[in-house]
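I opened my notebook for a first look at a structure that is new to me.

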Amino acid sequence: MPRAPSLPHALPLVAAAALLSLIVLPLAAIAVRGAPEFAAAVGAAEVRSAVALTAWTSAIALLVILLIGTPTAWLVARHRSRGWRIIDALLDLPVVLPPSVAGLGLLMAFGRTGLIGPVLNTLGIPLAFSTAAVIIAQVFVAAPLYVRAAIVGFRSVDRDLERVAMVEGAGAWQIFRFITLPLALPALMAGAVTAWARSLGEFGATILFAGNLVGRTQTMALAIYTSFQSDLPAALALTLLLLLASLTVLVTARLLRTADASS
Amino acid sequence: MNMNPHIRHTFRKLIATALILTTLFAGTQAHAQMPTGEITVYAAASLRDAFTAIGRDFEAKYPDTRVAFSFAGSQQLAEQIGYGAPADVFASANEKLMKAVVKTTRIDAAQAHRFAHNQLVVVYPKSNPARLRKLNDLAKKGVTLVLANKAVPAGGYALDFLNKAAAKPEFGLLYRTAVLSNIVSYEEDVRTVFAKIVLGEADAGIVYASDVLADKAKAVRTITIPVELNTVAVYPIAPLVDSPNPALAHAFVDYVLSPAGQATLKRYGFAIP
């Protein structure tokens, strides 16, 4: 392989170093500032409660995303008409929306005085200030990341394989279960992992829509915001935990994708 | 003219010093007369409407000035100032947070002045979903309450109210426990509490009397908290010692304390110390 000339590399390298330090410096600063009091801060009841709440709400959010996102992605992947392309674009909307818009929108729709909130209330499902509201906010912001990856995954499946199976007499479910799903699986897993990372850190929509109460709606991101004003070591400890979790998740997603590419 | 280089150097130094002194002197002169330039005032969320009006009046009085505001919970502002935020004036909704900034040495305690008082009220949506009539109703099972978090001045004052009520036989310890267990959210500033009540998302909240006056849509009703249970919120204001425009920062503080500024605060529901 011919070596690339060294001079044109200099400028891109400087640029890359600048960008990398912008990303790495804050992380390093948090690790340096947070580490000394980390052990003590992690033991605090509010920190533990925020970690537990974040863990189980984001797990449920992920489950919901998989259950409703997978069929949606499959439909979008199998249709190319204009209507489906509009739906495709709509599904991406939460990714570009500011969190405040998402939160206010959810409040206006599902809040007690919102569009369908009163109906839910009379059915005995008050969402305002509930843990369910936290999960809804997480699904809202994270689902598009999974659906996007899943659509790409489903589209990459060789349609001829599915046709052959149909000719062989396989039913629609069998084709999905034994051909489409396994082939698209690495993409689905990578998407799920990214979506989970996003829901772990969800903040803006949650604080507007679900409120801020320890144990019920105060996730790690909210606890960081609140404790920043009164208890910096707790804020730093939570930041460090969230950072480690996100890093692990992203590296896992990358490994899954590499495994996919090499197989 | 042929000067010895050493003398010339000294001469230059002298001229420079004289120039600096003249500029400084001119600066203080201008301070006494007409301030110019731009400042940023960090003010408690509850001051939003009153200070916006005061800012307009101030700019009208001194046409060459611009006053920008950053409104948030006083605890957020104090924290930001502690981390070096470029504030020129700080107006807090309690004295504790002013003291916290004094500790960072960015404010001189001698330059902090009390400029307004406020007190708490209970607010509920006009539709009154929880059928509240009196303070005791806040303890009813199933009532949803929103407070500011305890680091926010309004949240601290609200907890003071509950502690005072707990000590009274007509309320008692059980009252405080019941009210606290009805709280569904602790917000980051008092105006967010108020917004959630205006929206009807919760059954009641505890805010400042002045916040209610800011509600032009008249979307809320109030329950008075009697004087013996209420805490007088004291608002101090001070210029930052490292303000790049101390003349303007002082002029703004002076204006808030002047009869015109005090009248505006009164119009927006604040009591005058």
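My entries below go from strands to sheets, then to domains, helices and chains.

**Ground rules.** I am working with a predicted model, in which local features need pLDDT of at least 70 and side-chain atom pairs count only at pLDDT 80 or more, while totals for chains, interfaces and linings use all residues. I number residues from 1 along each chain as its sequence is written, and I letter chains from A and number ligands from 1 in the order in which they are written.

**Entry 1: strand β1 of chain B.** I took helices (H or I, at least four residues) and strands (E, at least two) as DSSP runs, numbered from the N terminus. I counted two strands as paired if DSSP finds at least two bridges between them. I found that β1 (37–44) of chain B runs parallel to β2 (65–72) of chain B, with eight bridges joining them. I also saw β1(B) joined to β3 (89–91) of chain B by three bridges, again in parallel.

I then followed the chain from β1(B) through α2(B) to β2(B) and noted a right-handed β-α-β crossover. Right-handed here means that, with the strands pointing away from the viewer, the path from the first strand over the helix to the second runs clockwise.

**Entry 2: a five-stranded sheet.** In which order do the strands of the open sheet in chain B stand? I read β7-β6-β8-β5-β9, with mixed pairing. β7 (183–187) and β9 (220–224) of chain B are at the edges with a single partner strand each, so one side of each has no neighbour in the sheet. Neighbouring strands are turned by 30° against each other on average, direction ignored. I took axes as lines fitted to C-alpha atoms, for helices over the stretch in contact, with angles from 0 to 180 degrees between N-to-C directions.

β6 (145–148) of chain B pairs with β7(B) in the parallel sense over four bridges, and B:L145 stands opposite B:I183 in β7(B). Helix α5 (153–166) of chain B packs on the sheet, touching β5 (120–125), β6, β7 and β8 (204–208) of chain B, and its direction makes about 120° with that of β6(B). Helix α7 (190–198) of chain B packs on the sheet too, touching β5, β6, β7, β8 and β9 of chain B, at about 140° to the direction of β8(B).

**Entry 3: two domains in chain B.** I looked up the domain assignment, whose bounds come from an automatic or database source, and it gives domain 1 (34–116 + 235–267) and domain 2 (120–224) of chain B. Their C-alpha centres lie 28 Å apart. I counted residues as in contact if their C-beta atoms, placed from the backbone, lie within 7 Å. The contact takes 13 residues from domain 1 and 14 residues from domain 2 of chain B.

**Entry 4: a helix pair in chain A.** I found the axes of α7 (159–167) and α8 (172–200) of chain A within 10 Å, crossing at roughly 145°. A:L161, A:E162, A:A165 and A:M166 in α7(A) meet A:I175, A:I179 and A:T180 in α8(A).

**Entry 5: between the chains.** Last, I noted that 13 residues of chain A are in contact with 15 residues of chain B.

Key: Two residues are in contact if their C-beta atoms, placed from the backbone, lie within 7 Å.
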